[in-house]
Amino acid sequence: MNRLFGTKRNALPKPNLNDAISSIDTRVSSLDIKLTKINSELATYQQRLARMREGPGKKALKQKALKLLKQKKQYESQKDQLETQSWNMSQAQMTNDNLKNTMVTIDAMKQTNKELKRTYGKIDVDKIDDLQDEMLDLIEKSNEIQNSLSTAYNMPDDVSESELDAELEALGEEIQYEQETNSQIPSYLQMEDDATKLPSFIDEDPIKDNKLTNDKLTAS
């Protein structure tokens with residue numbers, strides 16, 4: 001029996017939409033070639049008929065052209081049907097692809113939900129609350145330690161406003177005294193009123209003009 005009918009392993013693979021669409025497109029291309037050839041022949045007949053006179057010869061040529069035109073109509077009808085089938089199968093293939101993508105997305109979402117549930121199942125909210133309480137206690141203890149270390153020693157407990165006013169007044173007087181002291185220049189640094197007066201070790205004034213120079217030269 002297996003020799004006559006074959007086994008399942010030798011069975012032909014099931015056709016799919018992609019193969020069917022490819023086959024139809026091949027047939028459409030073949031019809032396009034035939035239609036191109038018919039159109040070329042009809043154009044030749046048209047040119048010959050335009051130059052012929054009425055008679056049996058022209059009538060016979062018209063019959064050939066008419067037969068060729070009928071073939072063209074049949075090919076065009078077949079082409080339209082095949083293109084419609086190809087379009088419908090393309091739409092079906094697109095719908096099938098969209099459904100597959102949707103199923104992949106759903107499976108991914110399910111897997112993600114499982115992972116999330118597994119992860120959140122490991123988290124204990126009560127332990128997190130206890131950890132937060134421990135952190136707050138540690139922060140409070142740290143603040144207490146810092147406050148204790150920042151305690152100042154031998155500081156007066158209170159200072160009155162009258163003591164503050166007296167201290168500020170004393171500071172003001174001290175600053176004023178320093179300014180007055182710094183403004184006084186020692187006598188040895190002060191300049192005399194006559195800024196042009198020469199020191200005592202110079203015998204005479206410098207020569208101011210050329211006339212005095214010439215007189216001294218003549219006397220010598």
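I began with E144, which I located in helix α4, spanning residues 125-149, in what is a predicted model. I noted E144 as exposed, because its relative accessibility is 55% and the cut-off for that class is over 50%. I then looked at its surroundings and found E144 in a surface patch of negative charge, together with D124, D126, D129, D130, D133, E134, D137 and E140.

Next I went through the chain as a whole, and I recorded 6 helices and 0 strands, with 9% of the 220 residues counting as buried. I looked up the largest nonpolar core and listed its 7 residues as I38, L42, Y45, L49, L61, A65 and L68. The elements giving two or more residues to this core are α2 (17-51) and α3 (56-121), and α2 gives the most, with 4 residues.

In one of them, the side chains of D32 and K79 meet at 2.5 Å, N to O; since D32 belongs to helix α2 and K79 to helix α3, the pair ties together parts that are 47 residues apart in sequence.

For the salt bridge between E54 and K58, I noted 3.1 Å between the closest N and O atoms; here E54 is exposed at 63%, while K58 is buried at 12%.

I also recorded the salt bridge of E115 with R118, at 2.9 Å from N to O, and both residues lie in helix α3, 3 residues or about one turn apart. E115 is partly exposed at 36%, and R118 is partly exposed at 44%.

Definitions and conventions: Residues numbered from 1 in each chain as written. Predicted model: local features only at pLDDT ≥ 70, side-chain atom pairs only at ≥ 80, totals over all residues. Heavy atoms only, no water. Patch = residues over 30% accessible without salt bridge, like charges linked within 9 Å, V, L, I, M, F, W, Y side chains within 5 Å. Areas by Shrake-Rupley, 256 points an atom, 1.4 Å probe, with all protein chains shown as cover. Salt bridge = Lys/Arg side-chain N within 4 Å of Asp/Glu carboxyl O. Lys, Arg positive; Asp, Glu negative; His and termini not counted. Charge placed at Lys NZ, Arg CZ, Asp CG, Glu CD. Buried < 20%, exposed > 50% of the residue type's maximum accessible area, 1.4 Å probe, protein only. Core = buried A, V, L, I, M, F, W, Y, C linked by side-chain atoms within 4.5 Å.
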